[in-house]
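Thanks for coming. I have one structure to go through today, and I will keep to what can be read from the coordinates.

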Amino acid sequence: MNTDVRIRQALLELMSEKRLEEITIIAIADKSMINRTTVYRYYVDKYAILQTIEDNVLQELDEVSNSSAQGKMILNILNLINDKRFMISVLLGENGNQRFHEHFITFLTAKGLNNIERSTRFNGLDTRQKELLAEYISSALLGLIKYWLRHSEMSVEELDKFFENLFRNGLNSFMEH
């Protein structure tokens, strides 16, 4: 594992235990077993380390969603989240950064709106209604992801199927008639 990765991993491990405000560069250096001077050579402060982690995750999510075939975007996003489960759990967890949470929901909303715009199923909606729908779906997906990150016994495929059923058929599909 290279120096940069060790520094980022150390910050995430520390953030899994405490808030960013409570973490020092010395603690990051100790956890990564890297000299504090070396940490400063890579990053100006702990916020820069966190920003790099967040930017990398969002970039990877964007790349995976842009390269996804029609109908496979959510599944591919969930697979990436599963591959980075610890990292994303920390970033979206109680010690995570609210800015990442907001960027994540903005990312999901933009992708959702793009799909809604491309679909003929929503031609009857005006622009504001499409934006509301994208926001609603993104918030629901984020809630499902956060739940899933805490309950790893559910597979990627199960969550994708659940979300797809919820999105396509609504809440009524889960109720007895």
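In helix α1, the buried residues are D4, I7, R8, A10, L11, L12, L14 and M15. This is a predicted model, so please take everything I say as a description of a prediction. Those buried residues of α1 pack against α2, α3, which covers 36–42, α4 and α6. As for dimensions, α1 has 13 residues and spans 18 Å from its first C-alpha to its last, close to the 18 Å expected at 1.5 Å a residue. What caps the N-terminal end of α1? The residue is N2, with a side-chain oxygen 3.1 Å from the backbone nitrogen of D4.

Let me step back to the whole chain. The chain has nine helices and zero strands. Read from the N terminus, the order of elements is α-α-α-α-α-α-α-α-α. The C-alpha atoms fill a box of roughly 60 × 35 × 25 Å along the principal axes. Of the 177 residues in the chain, 38% are buried. If you take the contacts with a separation of 6 or more, 62% of them involve residues 24 or more positions apart. The accessible surface comes to about 10400 Å², and carbon and sulfur atoms account for 50% of that.

S32 sits in helix α2, which runs over residues 25–32. Is S32 buried or exposed? Its relative accessible area is 4%, so S32 counts as buried. Setting aside neighbours within four places in sequence, S32 is in contact with R6, I7 and A10.

The next residue to look at is M33, in the loop between α2 and α3. M33 has a positive phi of about 60°, although it is not a glycine. For background, most residues other than glycine have a negative phi. M33 is exposed, at 71% relative accessibility.

Next, helix α6, residues 85–92. Here R85, I88, V90, L91 and L92 are buried. Which elements cover them? The cover includes α1 (3–15), α4 (46–66), α5 (73–83), α7 (98–118) and α8 (127–150).

On to charged pairs. Side chains of opposite charge can pair when their charged atoms come close. How many salt bridges does the structure hold? It holds seven, and I will go through three of them.

One is between the side chains of E13 and K31, at 3.8 Å from N to O. This pair links distant parts of the chain, with E13 in helix α1 and K31 in helix α2, 18 residues apart. E13 is partly exposed at 27% relative accessibility, and K31 is partly exposed as well, at 35%.

Another is between R99 and E54, where the closest N and O atoms are 2.5 Å apart. R99 is in helix α7 and E54 in helix α4, so the pair links distant parts of the chain, 45 residues apart. R99 is partly exposed, with a relative accessible area of 29%. E54, by contrast, is buried, at 1% relative accessibility.

The remaining one for today is E60 with K84, the closest N and O atoms being 3.4 Å apart. E60 lies in helix α4 and K84 in the loop between α5 and α6, so this pair ties together parts that are 24 residues apart in sequence. E60 counts as partly exposed, at 29% relative accessibility.

Last, the surface towards the end of the chain. Which residues make up the nonpolar surface patch of about 380 Å²? They are F162, L171, F174 and M175. M175 lies in the segment after α9, the helix that covers 156–169. At 46% relative accessibility, M175 counts as partly exposed.

To recap: the prediction is a chain of nine helices and zero strands. The buried residues of α1 pack against α2, α3, α4 and α6. Pairs such as E13 with K31 link distant parts of the chain, and a nonpolar patch includes M175. That is what I have; questions are welcome.

Methods:
Residues are numbered from 1 along each chain as its sequence is written. This is a predicted model: local features need pLDDT of at least 70, side-chain atom pairs count only at pLDDT 80 or more; totals for chains, interfaces and linings use all residues. Side-chain values use heavy atoms; hydrogens and water are left out. Helices (H or I, at least four residues) and strands (E, at least two) are DSSP runs, numbered from the N terminus. Buried means under 20% relative accessible area, exposed over 50%, partly exposed in between (1.4 Å probe, protein chains only). Contact means heavy atoms within 4.5 Å. Patches are made of residues with over 30% relative accessible area and no salt bridge: like charges are joined within 9 Å, nonpolar side chains (Val, Leu, Ile, Met, Phe, Trp, Tyr) within 5 Å. Accessible areas come from the Shrake-Rupley method with a 1.4 Å probe; for residues, only the protein chains shown count as cover. A salt bridge is a side-chain nitrogen of Lys or Arg within 4 Å of a carboxyl oxygen of Asp or Glu. The expected span of a helix is 1.5 Å times one less than its number of residues. A polar contact is a pair of N or O atoms within 3.5 Å; within protein, one must be able to donate a hydrogen and the other to accept it, and residues adjacent in sequence count only if both atoms are side-chain atoms.
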